[in-house]
Amino acid sequence: MSRRTIYFVAGEASGDEHGAALMRSLRDLWPDLKFVGRGGARMELVADENFMNWSDAAAIVGLWEVIKHYGYFRKQFRAALAEIAQQRPDAVVLIDYPG
């Protein structure tokens, strides 16, 4: 049986905190789980090697800031979709981040 993989996305500090707690709890239940995706420093400590710490760049507040950074978010969205297609995770978890 292949190793189960979960792809996580969190875009700001509280999502990173919740994501890291969820990862630790899941790892306690299933030690062989593989965690990949995007989040912050806390999640990165628990995750496997293919995890991107992007929360500083992704933590944008306000409509104007989102509009100003639209190109960045579009690029990151496409990159995340490509990562998901390549990794083929068993589940995707989106945490506290509408993006």
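1. Arg-38 is buried, with a relative accessible area of 2%. In this predicted model, its side chain meets that of Glu-83 in a salt bridge of 2.9 Å, N to O. The pair links distant parts of the chain, since Glu-83 belongs to helix 5 (residues 70–87) and Arg-38 to strand 2, 45 residues apart. Unlike a residue under the 20% limit for burial, Glu-83 counts as partly exposed, at 24% relative accessibility.

2. Asp-48 forms a salt bridge with Arg-3, and the closest N and O atoms are 3.0 Å apart. Here too distant parts of the chain are linked: Asp-48 is in the loop between helix 2 (41–46) and strand 3 (51–53), while Arg-3 is in the segment before strand 1, 45 residues apart. Asp-48 counts as buried at 15% relative accessibility, whereas Arg-3, at 36%, counts as partly exposed.

3. Asp-48 also forms a salt bridge with Arg-27, with 3.2 Å between the closest N and O atoms. This pair joins the loop between helix 2 and strand 3 to helix 1 (residues 13–29), where Arg-27 lies, 21 residues apart. At 22% relative accessibility, Arg-27 counts as partly exposed. Asp-48, Arg-3 and Arg-27 belong, together with Asp-32, to a network of salt bridges. The count of salt bridges comes to six.

4. Strand 1 is mostly covered, with six of its six residues buried. Thr-5, Tyr-7 and Val-9 point one way from the strand, and Ile-6, Phe-8 and Ala-10 point the other way. Strand 1 pairs with strand 2 in the parallel sense over five bridges, and Phe-8 stands opposite Gly-37 of strand 2.

5. The count of aromatic pairs comes to two. Phe-8 and Phe-35 form one that is edge-to-face, with 5.5 Å from centre to centre and 80° between the planes. Because Phe-8 lies in strand 1 (residues 5–10) and Phe-35 in strand 2 (residues 34–39), the pair ties together parts that are 27 residues apart in sequence. Both Phe-8 and Phe-35 are buried. The rings of Tyr-72 and Phe-73 have centres 5.3 Å apart and planes at 75°, so this pair is edge-to-face. Tyr-72 is partly exposed, with a relative accessible area of 26%, while Phe-73 is buried, at 17%.

6. Which residues form a nonpolar patch on the surface? They are Leu-63, Trp-64 and Ile-67, with about 390 Å² of accessible area together. Leu-63 is found in helix 4 (residues 63–68) and is exposed, with a relative accessible area of 64%.

7. The overall description may be recorded last. The chain has five helices and four strands, and from the N terminus on its elements run β-α-β-α-β-α-α-α-β. Of its 99 residues, 35% count as buried. The chain exposes about 6,400 Å², of which carbon and sulfur atoms supply 57%. Among contacts between residues at least 6 apart in sequence, 60% join residues at least 24 apart.

Note on methods
Residues numbered from 1 in each chain as written. Predicted model: local features only at pLDDT ≥ 70, side-chain atom pairs only at ≥ 80, totals over all residues. Heavy atoms only, no water. Helix = DSSP H or I, 4+ residues; strand = E, 2+ residues; numbered from the N terminus. Buried < 20%, exposed > 50% of the residue type's maximum accessible area, 1.4 Å probe, protein only. Contact = heavy atoms within 4.5 Å. Areas by Shrake-Rupley, 256 points an atom, 1.4 Å probe, with all protein chains shown as cover. Phe/Tyr/Trp six-rings, centres within 6.5 Å; stacked < 30°, edge-to-face > 60°. Patch = residues over 30% accessible without salt bridge, like charges linked within 9 Å, V, L, I, M, F, W, Y side chains within 5 Å. Salt bridge = Lys/Arg side-chain N within 4 Å of Asp/Glu carboxyl O. Pairing = 2+ DSSP bridges.
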